[in-house]
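Please open the model in a viewer and keep the selection tool at hand. Each stop below names what to select and then states what is found there.

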Amino acid sequence: MRTVAAVLALAGLAGCGGEGSAAGGPAGGTGVGGTVTVFAAASLTESFTRLGRDFEAAHPGTTVVFNFAGSSALAAQINQGAPADVFASAATRNMATVTEAGNADGDPAVFARNQLVVAVPKGNPRGVTGLADLTRPGLTVALCAEQVPCGAAARTALDAASVSLTPVTLEQDVRGALSKVRLGEVDAALVYRTDALAAAADVTAVEFPESARAVNDYPIVALRDAPNRDGGRAFVAYVRSERGRTVLTEAGFQAP
């Protein structure tokens, strides 16, 4: 996976273009080209990686570099000046920290929604059927930390079900919680439906009705100080296009 290190290494190239130009793009700054740096919630890893490849094919001369992590961490990085062209968050709350700091280029748009499931090892060996089962003696559970969207959604769902449990670990993004199940370190985790679907070879997703009380909206926005402003705006438009909606729906996201 392309990492933040790659983002920072490429950031110096971005300064060679004029304001609003695509770094390394077509002569005169016209069209879309160069590196497009996208900070995106960890739960978007598969779908955005696919959209990134499609975007590069649709815009020859572009390279999409991703930084996937928890939305709260990404928002903090952006507000601290990390070079990025696009921010896609798994919750409106984390997006608000970026817009309130004046770092958004325009208004964010919700492009997808997601719900929680209980992820258990393949075949559901402990017979988990809902949230109440997570309180059984000896059953270990992983949750996301409450400052990240999957953790906040989990708290809402647990409260709606009047279920109180103590997780054995609090992870900084949904992929961390899911990995605990895949590695056999816990018996269950609350994760997004899309993440469980992506890991279907290793986990079984258990639906529960309280997830309807904790639906997360996913907003996206181009960033004000984007090194590649044209590229960032074009990527946002691509995510919101018919092609973007198709990829997201296939990944298990709901339409906004």
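Predicted model: local features only at pLDDT ≥ 70, side-chain atom pairs only at ≥ 80, totals over all residues.

Residues are numbered from 1 along each chain as its sequence is written, and side-chain values use heavy atoms, with hydrogens and water left out.

**Helix H6**

Select residues 174-182, which form helix H6; helices (H or I, at least four residues) and strands (E, at least two) are DSSP runs, numbered from the N terminus. Val174, Gly176, Ala177, Leu178 and Val181 are buried here, where buried means under 20% relative accessible area, exposed over 50% and partly exposed in between (1.4 Å probe, protein chains only). After the helix comes Gly184, with a positive phi near 75 degrees.

**Aromatic pairs**

Next, select Phe48 and Phe235. Their ring centres lie 5.7 Å apart with the planes at 75 degrees, so the pair is edge-to-face; rings of Phe, Tyr and Trp (its six-membered ring) pair if their centres lie within 6.5 Å, and planes under 30 degrees apart count as stacked, over 60 as edge-to-face and the rest as tilted. Phe48 belongs to helix H2 (residues 45-58) and Phe235 to helix H8 (residues 229-239), so the pair ties together parts 187 residues apart in sequence. Both Phe48 and Phe235 are buried.

Move to Phe111 and Tyr218, another edge-to-face pair, at 6.2 Å centre to centre and 85 degrees between the planes. Phe111 lies in strand S4 (residues 109-114) and Tyr218 in strand S10 (residues 216-222), so this pair ties together parts 107 residues apart in sequence.

**Salt bridges**

Which residue forms a salt bridge with Arg126? Select Asp187: the closest N and O atoms of the two residues are 3.2 Å apart, a salt bridge being a side-chain nitrogen of Lys or Arg within 4 Å of a carboxyl oxygen of Asp or Glu. Arg126 sits in the loop between strand S5 (116-121) and strand S6 (141-144), and Asp187 in the loop between H6 and strand S8 (188-192), 61 residues apart. Arg126 is partly exposed at 34% relative accessible area, whereas Asp187 is buried at 19%.

Finally, select Glu46, Arg175 and Asp195, which are linked in a network of salt bridges.
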